[in-house]
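The notes follow the order in which I checked things.

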Amino acid sequence: MYEWIKALHILAVISWMAGMLYLPRLMVYHCAAETGSAQSETFKVMEWRLLKIIINPAMIVTWLAGLWLAWQGGWYWSGWFHAKFALVILMSAIHGILVRRVKDFAKDRNTRSARYFRILNEMPAVLMIGIVILVVVKPF
């Protein structure tokens, strides 16, 4: 059962990260769209669907499967797991920020610049690198 849950976890992580890397990029382009335009309304639909259909479910499955794996594997005692867990908490915080930004765009209340979203777009990639290194190398 452990290997099946691990496969599910990996698939969920891939889906979560794909969405976390794509959503801020959509928001970069959304910043350039005039409020109320057809283009802006299209971005709203794209952002909402990406969040609700892919990113949110993938995050939930990632967390549930990951916690189960940590428990079954006894990883919760390992230093590398504590570091990974901290990075996943940060990733989840960025997820929360993106949820807030989707809501802002949906209400035509975005106050953030395209530059802000470009920077936000890089954060999941950096965290992902750290998480993968910790899981594969287990340096401590």
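I listed the buried residues of H4 (buried: under 20% relative accessible area, exposed: over 50%, partly exposed in between, with a 1.4 Å probe and protein chains only): Ala114, Phe117, Leu120, Asn121, Pro124, Leu127, Gly130, Ile131 and Leu134. The model is predicted, with local features needing pLDDT of at least 70, side-chain atom pairs counting only at pLDDT 80 or more, and totals for chains, interfaces and linings using all residues. Residues are numbered from 1 along each chain as its sequence is written, and side-chain values use heavy atoms, without hydrogens and water.

I then looked up the cover of these buried residues, which includes helix H1 (2-32) and helix H3 (79-106). Helices are DSSP runs of H or I with at least four residues, numbered from the N terminus.

Just after H4, I noted a positive phi of about 50 degrees at Lys138.

I turned to His30 in helix H1. His30 counts as buried because its relative accessibility is 3%. Leaving aside neighbours within four places in sequence, I found His30 in contact (heavy atoms within 4.5 Å) with Ser40, Phe43, Lys44, Glu47 and Phe105.

Technical notes: Helices (H or I, at least four residues) and strands (E, at least two) are DSSP runs, numbered from the N terminus.
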